Amino acid sequence: MRFSQHGDLIQIFNVPDWKDVRLSEGTTASYNSSSEARMVEIAENFQRQYSHLFPERRPLLMCPENENGIKKFVSTTLRPTAVEHPELYHWKGCASVVADLLSLKPLESPVNLPRQLFAPSTVLQSQSATCFEAATLLCSLLIGADYEAYCVSGYASREMCECDQTEQECPPMDTGEKDMMQEPQQNKYRLKPKKKLQSRYLVQQEMKKKNKESAQVICRSDNKGEEPPVDTLRGLRVHCWVLVFSGSRDIEENFFIDPLSGNSHSTNDEHFLGIESMWDNYNYYVNMQECCKDCSEVKYDLEDLKRWEPVLAGVTCKKKLKDKVLKRKEIRFLGKLNSEQEVELGPKAFQMPKPWSSCISISKKNLEHRYPGGKKVTFYRKAKLERFGLYLQSDGLLTRLTTYKDLSCTEVELVKEWYQGRTDFLDHREFNKILHVTTEHFLPGRSFHLLFHRYSDAEHKMEFNSSARADGLLRRVLTKSDMTEMFEGRFDYLHYRRISFSIPDGLSDVQHIPLKSLIFVSKQKVEERFHRNPNLPLSDDVAKRVFLMDERKIQLTYHMEYFAAYPLKACANQTTAGNRITEGGGLHQRQHPNAAGTDLQSVDPSVKPPSRIVLYLVLQDLVKGEIAAAEHAKVSRNETAEQQDWQLEHVDDYLVPHLVNLEFPETLSATDVENLVAKCVQEFKENRKGVANFLKEHHKKLLQELREKQRWYQQNQGLLNKEEVEKFHDYCSDKTLVMKVVQRRLDRYVEETSQKVAAFREQLLKSPWLSLQTLS
């Protein structure tokens with residue numbers, strides 16, 4: 001063996017013939033076979049000579065004890081295994097699984113090499129490992145997946161050795177996820193606003209000043225109390241990681257993998273401070289290069305004996321060994337070897353013994369549960385990531401990401417949750433604690449084919465699978481004053497509908513009316529828009545239809561002729577005296593009287609006015625359209641109300657905000673449970689009070705109007721004729737009937753509230769966070 005820095009040739013004895021060495025069959029965890037004992041002797045001899053020649057360098061990790069107290073060479077601890085799960089076919093899957101399955105077991109001393117190195121199968125059973133054991137498991141899986149991987153023993157920063165990721169940004173959890181909501185297209189036929197004249201130079205200077213001030217504020221807030229303490233052991237902390245060589249499979253460049261976090265790093269990453277040695281299941285290599293500060297200048301050509309010293313002389317790397325094996329098979333296939341070919345192939349050197357540990361076995365259940373104890377928590381910069389095993393949470397929760405506004409992680413900003421296997425098809429949900437907005441994404445199969453729902457106290461936005469709905473509904477936006485719906489793929493070419501609600505006079509501000517109360521609010525205006533129907537002439541193809549419920553009018557706007565400056569418009573008046581249809585919109589207008597009492601205005605004076613039967617049929621179609629629009633509005637409000645009922649009865653919506661403040665404790669005392677239940681029940685009652693208060697206020701307003709009318713009647717009773725008296729009595733009867741209906745709805749709602757509060761409390765106590773065991 002040659003150490004290039006001193007030029008001394010040190011001969012390590014070789015086994016004369018590898019056929020004389022008996023390879024063990026099966027596992028040899030409790031003893032050493034003859035080949036393993038010889039390997040241990042070679043390693044100890046190498047260690048003595050290495051310490052003699054380089055007394056300033058630290059000892060190498062070569063023969064630690066296994067779980068049975070038997071010394072084993074580190075290369076024989078590797079157990080290359082090809083696992084059957086597709087997730088482990090790629091290095092990313094292997095790194096992620098190893099990082100998830102294992103919890104960090106600190107070294108006895110952060111600056112000394114471990115005395116023990118357990119087998120990968122033992123590590124999987126205990127789900128606890130040091131960095132050396134985790135690297136051994138990951139390297140075994142990567143070699144089994146046909147990667148050229150090596151375990152690397154060296155030095156790293158404190159953050160890397162302790163798997164501290166609090167200074168790193170949390171990786172994105174929903175990469176490629178796009179928002180289902182899209183902004184509606186603006187009408188291109190509109191007046192452009194006047195351009196505001198201002199100096200571009202002054203604007204740029206103002207922007208630079210603002211950016212500079214904001215950067216200084218952010219820098220001060222980030223650096224305030226954030227200076228990391230000086231690590232007195234920097235450069236001395238030992239660590240083990242995995243090196244993957246380029247050329248194997250689809251790898252184009254060498255890179256490191258930290259087995260504790262599962263993250264990949266470049267070979268010049270500043271967190272890796274030095275390399276002492278590296279090994280695979282074929283050989284062990286000692287680094288002879290200078291790398292006092294980092295690994296950026298290290299060359300990874302293992303065939304260069306000036307930079308890397310192998311323990312076993314004559315043993316090549318995995319790639320060249322494959323070439324030799326293929327060459328031997330080719331010569332053996334062609335015929336027996338002659339003496340010249342044997343000389344060309346070279347003597348057979350002592351080979352690394354077989355792995356002593358049992359095969360690595362990762363079952364499907366291990367992948368599903370994955371995390372030690374079924375849960376793993378990772379802290380990042382201003383974020384906390386919680387991951388749970390599959391089917392271990394009763395609500396199907398898999399991942400929860402909590403982001404904070406401050407570095408001390410005390411003020412919650414955003415909570416994201418991902419689910420799987422839920423009966424309501426909820427996929428993931430987001431709570432914005434600053435804006436008080438909740439966003440939910442659903443898988444196909446949800447009731448009403450709902451895919452997306454974002455809601456707050458003032459607005460609800462919903463996205464649907466239009467291809468699965470009979471009405472082709474794509475999007476719905478509900479506010480306190482109106483409801484807007486968009487459609488696609490309809491046979492009647494309807495693509496837009498907007499319903500404006502009529503809030504009774506005298507009620508409180510519309511912003512304080514709960515959205516669920518809109519069920520009891522009448523419609524004031526319905527506007528519908530249609531795409532161009534190629535089967536109809538432009539003069540008969542309606543582009544916009546507006547139903548004015550209070551005024552009992554229907555306004556029509558037709559698609560424009562190519563030569564027209566204004567679209568053709570029509571208006572139908574539904575009055576007690578008769579029906580009237582008027583058309584207009586051009587410069588030339590002429591009124592045509594007809595026997596039905598309908599006025600008609602035409603754009604073109606040469607066009608013959610339609611007959612009475614045509615006008616009657618048109619009016620019938622408009623009335624049917626008005627009835628259909630009113631019915632659809634009722635169905636839409638019922639869908640929204642049902643969705644809101646589901647939200648009110650979902651206990652997680654009430655528990656999660658309080659559990660976030662408590663940082664999701666694993667156990668709760670009886671006092672904490674009682675306080676949580678009381679707070680959630682009180683919030684549930686407050687949400688239910690909105691509709692009840694609305695109905696009470698509406699009933700109060702109706703009663704006030706009735707009393708004012710009765711007071712007016714008493715003052716003017718002698719001046720009224722018989723017809724006006726009958727109108728008064730009819731008015732009183734109608735008001736009394738409406739008041740009875742409102743009062744009945746209020747009584748029914750209050751009765752339902754008491755029942756739902758009791759059911760809600762039972763659901764709270766059945767929650768996995770508030771199990772009955774904590775009450776005892």
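Two strands pair if DSSP finds at least two bridges between them. Helices (H or I, at least four residues) and strands (E, at least two) are themselves DSSP runs, numbered from the N terminus. Keep both in mind for the first stop: select strand S6 (residues 238-244) and strand S7 (residues 255-257), which run antiparallel and are joined by 3 bridges.

Before going on, some ground rules. This is a predicted model, in which local features need pLDDT of at least 70 and side-chain atom pairs count only at pLDDT 80 or more, while totals for chains, interfaces and linings use all residues. Residues are numbered from 1 along each chain as its sequence is written, and side-chain values use heavy atoms, with hydrogens and water left out.

**Stop 1**

**Stop 2**

Jump to strand S17 (residues 437-442). On one side, strand S16 (residues 426-432) pairs with S17 in the antiparallel sense over 6 bridges; pick Arg-429 and you'll see Glu-440 of S17 opposite. The hairpin of S16 and S17 has 4 residues between the strands, and in that hairpin His-436 takes a positive phi near 60°. S17 is also joined to strand S18 (residues 450-455) by 4 bridges, again antiparallel, with Phe-452 in S18 as the bridge partner of His-441.

Is S17 enclosed or open? Of its 6 residues, 5 are buried, so S17 is largely enclosed by the rest of the structure. Buried means under 20% relative accessible area, exposed over 50%, and partly exposed in between (1.4 Å probe, protein chains only).

Zoom in on Thr-439, which lies in S17 and counts as buried at 6% relative accessibility. Leaving aside neighbours within four places in sequence, Thr-439 is in contact with His-428, Arg-429, Glu-430, Phe-452, His-453 and Arg-454. Draw a distance to the Arg-454 side chain: a polar contact of 3.2 Å joins it to the side chain of Thr-439. (A polar contact is a pair of N or O atoms within 3.5 Å; within protein, one must be able to donate a hydrogen and the other to accept it, and residues adjacent in sequence count only if both atoms are side-chain atoms.)

Step back to Phe-425, in the loop between strand S15 (412-419) and S16. Phe-425 has phi near 65°, a positive value in a residue other than glycine, and counts as partly exposed at 33% relative accessibility. Most residues other than glycine have a negative phi.

**Stop 2: a buried lysine**

Select Lys-72, in the loop between helix H1 (34-53) and helix H2 (74-77). Buried or exposed? At 2% relative accessibility, Lys-72 counts as buried. The side chain of Lys-72 makes a polar contact with that of Asn-32 at 2.8 Å. Not counting residues up to four places away in sequence, Lys-72 touches several others, including Tyr-31, Glu-36, Met-62, Cys-63 and Trp-356.

**Stop 3: the cysteines**

How many disulfides does a search of the whole structure find? The search finds 0, taking a disulfide as a pair of cysteine sulfur atoms within 2.5 Å. Cys-94 is buried, with a relative accessible area of 0%, and Cys-680 is buried at 0% too. Cys-163, in the loop between helix H6 (158-161) and helix H7 (200-223), is partly exposed at 26%; its phi is positive, near 55°.

**Last view: zoom out**

Show everything as a cartoon: the protein has 14 helices and 29 strands. Of its 776 residues, 45% count as buried.

Note on methods. Contact means heavy atoms within 4.5 Å.
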